[in-house]
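Biologist: I would like to learn how to read a model such as this one, feature by feature. Could you give me the general idea each time and then show me the case at hand?

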Amino acid sequence: MTIESFSPTETRRAAGKVLRRILLVKKRNEAAVVSLDGNLGSGKTVFIKGLAAALGIKERVLSPTFLIMRSFKIRKKKIPFKRFYHIDAYRLRSGRELLDLGIKEVLADKSNLVAVEWADRIVRLLPKERVSLSFAHGKKENERIIKIK
Ligand SMILES: Nc1ncnc2c1ncn2[C@@H]1O[C@H](COP(=O)(O)OP(=O)(O)OP(=O)(O)O)[C@@H](O)[C@H]1O
Ligand SMILES: [Mg+2]
């Protein structure tokens with residue numbers, strides 16, 4: 001599926017749609033994973049902010065430039081996850097760093113929802129079964145093309 005977005009608001013709204021799709025999976029054995037790839041400024045962090053909002057997370061979700069992994073508690077009753085993880089692999093030198101941060105345990109826990117920016121850098125660590133998003137700039141200034149697989 002392809003979504004065309006013409007504003008940050010539309011990109012945040014697209015995250016709500018993707019969340020509904022994730023919630024359709026009834027039985028899970030491990031964490032739900034959303035991978036986000038695409039150029040600098042293509043809207044990955046904006047999308048993740050929308051995802052966090054849809055999960056009822058009130059804390060500000062920043063681009064974790066100096067942090068590889070941040071996690072947030074999910075308090076919304078209707079959401080079948082307990083924690084939301086935001087990983088940004090941009091500055092990662094090796095997958096080892098993430099292993100040291102406990103990525104395996106995070107991914108093994110079905111109560112986690114994990115969103116990964118620059119996911120192709122750590123693709124070997126991620127489960128094949130995930131929602132893969134690719135972001136690209138469109139022709140117009142605020143246009144972004146989001147492909148969902
Ligand atoms: N349709 C749109 N969707 C999302 N962001 C948009 C859109 N139009 C303009 N923008 C702007 O583009 C920028 C997207 O930045 P964002 O941090 O989300 O990119 P990113 O893909 O996470 O980049 P990076 O790889 O550096 O982390 C923001 O400044 C946002 O306001
Ligand atoms: Mg970003």
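Biologist: Which residues of helix 2 are buried?

Modeller: A residue is called buried if 20 or more other C-beta atoms lie within 10 Å of its own, exposed if 12 or fewer do, and partly exposed in between, with the C-beta atoms placed from the backbone. Helices (H or I, at least four residues) and strands (E, at least two) are DSSP runs, numbered from the N terminus. In helix 2, the buried residues are Lys44, Thr45, Val46, Phe47, Ile48, Lys49, Gly50, Leu51 and Ala52, which makes nine of its 11 residues, and the helix is mostly covered. Please keep in mind that this is a predicted model, in which local features need pLDDT of at least 70 and side-chain atom pairs count only at pLDDT 80 or more, while totals for chains, interfaces and linings use all residues. Residues are numbered from 1 along each chain as its sequence is written, and chains are lettered from A and ligands numbered from 1 in the order in which they are written.

Biologist: What do the buried residues of helix 2 pack against?

Modeller: To read packing we look for contacts, and two residues are in contact if their C-beta atoms, placed from the backbone, lie within 7 Å. By that rule the buried residues of helix 2 pack against helix 1 and against strands 2, 3, 4, 5 and 6. For directions, axes are lines fitted to C-alpha atoms, for helices over the stretch in contact, and angles run from 0 to 180 degrees between N-to-C directions. Helix 2 lies across strand 2, strand 3, strand 4 (83–88), strand 5 (112–117) and strand 6, running at about 165° to strand 5. Just after helix 2, glycine 56 takes a positive phi of about 80°.

Biologist: How do I read the sheet, and what is the order of its strands?

Modeller: Two strands pair if DSSP finds at least two bridges between them. Here an open sheet of seven strands has the order 1-7-6-2-5-4-3, with mixed pairing. Strand 1 (2–5) and strand 3 (69–73) stand at the edges and have a single partner strand each, so one side of each is left without a neighbour in the sheet. On average, neighbouring strands of this sheet are turned by 15° against each other, direction ignored. Helix 1 packs on the sheet, where it touches strand 1, strand 2 (32–38), strand 6 and strand 7, and its direction makes about 155° with that of strand 1.

Biologist: Which strands run parallel, and which antiparallel?

Modeller: Strand 3 and strand 4 run antiparallel and are joined by five bridges, with arginine 70 opposite histidine 86 in strand 4. Strand 4 and strand 5 run parallel, joined by six bridges, and the bridge partner of arginine 83 in strand 5 is asparagine 112. Five of the six residues of strand 4 are buried, so this strand is largely enclosed by the rest of the structure. Strand 6 (residues 131–137) and strand 7 (residues 144–148) run antiparallel with five bridges, and a hairpin joins them through six residues. In that pair, alanine 136 stands opposite isoleucine 145 in strand 7.

Biologist: Which residues touch the most other members of the largest nonpolar core?

Modeller: A nonpolar core is a set of buried Ala, Val, Leu, Ile, Met, Phe, Trp, Tyr and Cys residues joined through C-beta atoms within 7 Å. The largest one has 34 residues, of which Val33, Leu36, Leu51, Val114, Ala115 and Val116 touch the most other members. Helix 2 gives the most to this core, with five residues. Leaving aside neighbours within four places in sequence, valine 116 is in contact with residues including Val33, Leu36 and Ile122.

Biologist: Where does tryptophan 118 lie, and is tryptophan 118 buried or partly exposed?

Modeller: Tryptophan 118 lies in the loop between strand 5 and strand 6, and it counts as partly exposed because it has 18 C-beta neighbours inside 10 Å. Its phi is near 55°, a positive value in a residue other than glycine.

Biologist: Finally, how many residues surround ligand 1?

Modeller: A residue is near a molecule if its C-beta atom, placed from the backbone, lies within 6 Å of it. For ligand 1, 19 residues form the surroundings, and the closest are Thr11, Gly43, Lys44, Thr45 and Asn142. Helix 1 (8–23) and helix 2 (44–54) each supply at least two residues of this shell.
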